[in-house]
Amino acid sequence: MLLVTYVLQAVFGYNFRLFLARLMEWESMRVVCPSCGSKAVISSSSKLSEQVTDLYCRCSNVAECGCTFVSTLAFKHTLNPPIKSTADLALSLINRLSKEERAALQQGVS
Ligand SMILES: [Zn+2]
């Protein structure tokens, strides 16, 4: 499990656990009660995999609803690759060039 976290961090450039923790604290991230539409509170979570977590929620409208439910939070895809990945990709491509190709590239880049 820890290895997968490190691989995700290397591939996506961030720690998924940290991402999840920040997402749960994010003010504009709201979980809404499916029964009454009131704001819900995440009381606990259960990690199903590195990218999927069940969120155990309870409706804040205790007087009229009081529903408890489970929502699933999942990582879907990256919109922009992290800067580190882009730099690593560029370095990998540059290292495959011949000495002459690198010199020509250096003249073109300034
Ligand atoms: Zn409710």
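Modeller: Leaving aside neighbours within four places in sequence, Val41 is in contact with Cys57, Arg58 and Ser60. Please keep in mind that this is a predicted model.

Biologist: What makes Cys57, Arg58 and Ser60 count as contacts of Val41?

Modeller: Two residues are in contact if their C-beta atoms, placed from the backbone, lie within 7 Å, and Cys57, Arg58 and Ser60 are the residues in contact with Val41 once its neighbours within four places are set aside. For one of them, Arg58, there is also a C-alpha separation from Val41 of 5.3 Å, although the two are 17 residues apart along the chain.

Biologist: Why is Val41 called exposed?

Modeller: A residue is exposed if 12 or fewer other C-beta atoms lie within 10 Å of its own, and Val41, which lies in strand β2, counts as exposed because it has 12 C-beta neighbours inside that distance.

Biologist: What makes β1 and β2 a pair?

Modeller: The requirement is at least two bridges, and two bridges join β1 to β2 (residues 39-47), the strands running antiparallel; Val31 stands opposite Ala40 in β2. These two strands form a hairpin with six residues between them, and Gly37 in the turn has a positive phi of about 85°.

Biologist: Which strands are at the edges of the sheet, and what makes them edge strands?

Modeller: The sheet is open, with four strands in the order β1-β2-β3-β4 and antiparallel pairing. Its edge strands are β1 (31-32) and β4 (68-74), since each pairs on one side only. The partner of β4 is β3 (residues 52-59), to which seven bridges join it in antiparallel fashion. Here Asp54 stands opposite Thr72 in β4, while Leu55 stands opposite Ser71 in β4.

Biologist: Where do the helices come in along the sequence?

Modeller: The protein chain has four helices and four strands, and read along the sequence the pattern is α-α-β-β-β-β-α-α.

Biologist: Why is helix α3 said to lie largely in the open?

Modeller: A residue is buried if 20 or more other C-beta atoms lie within 10 Å of its own; of the 13 residues of α3, the number buried is zero, so this helix lies largely in the open. Helix α3 (residues 83-95) reaches 18 Å from its first C-alpha to its last, close to the 18 Å expected at 1.5 Å a residue.

Biologist: How much of the protein chain is buried?

Modeller: Buried residues make up 5% of its 110 residues.

How values were computed:
Residues numbered from 1 in each chain as written. Predicted model: local features only at pLDDT ≥ 70, side-chain atom pairs only at ≥ 80, totals over all residues. Expected span 1.5 Å × (residues − 1).
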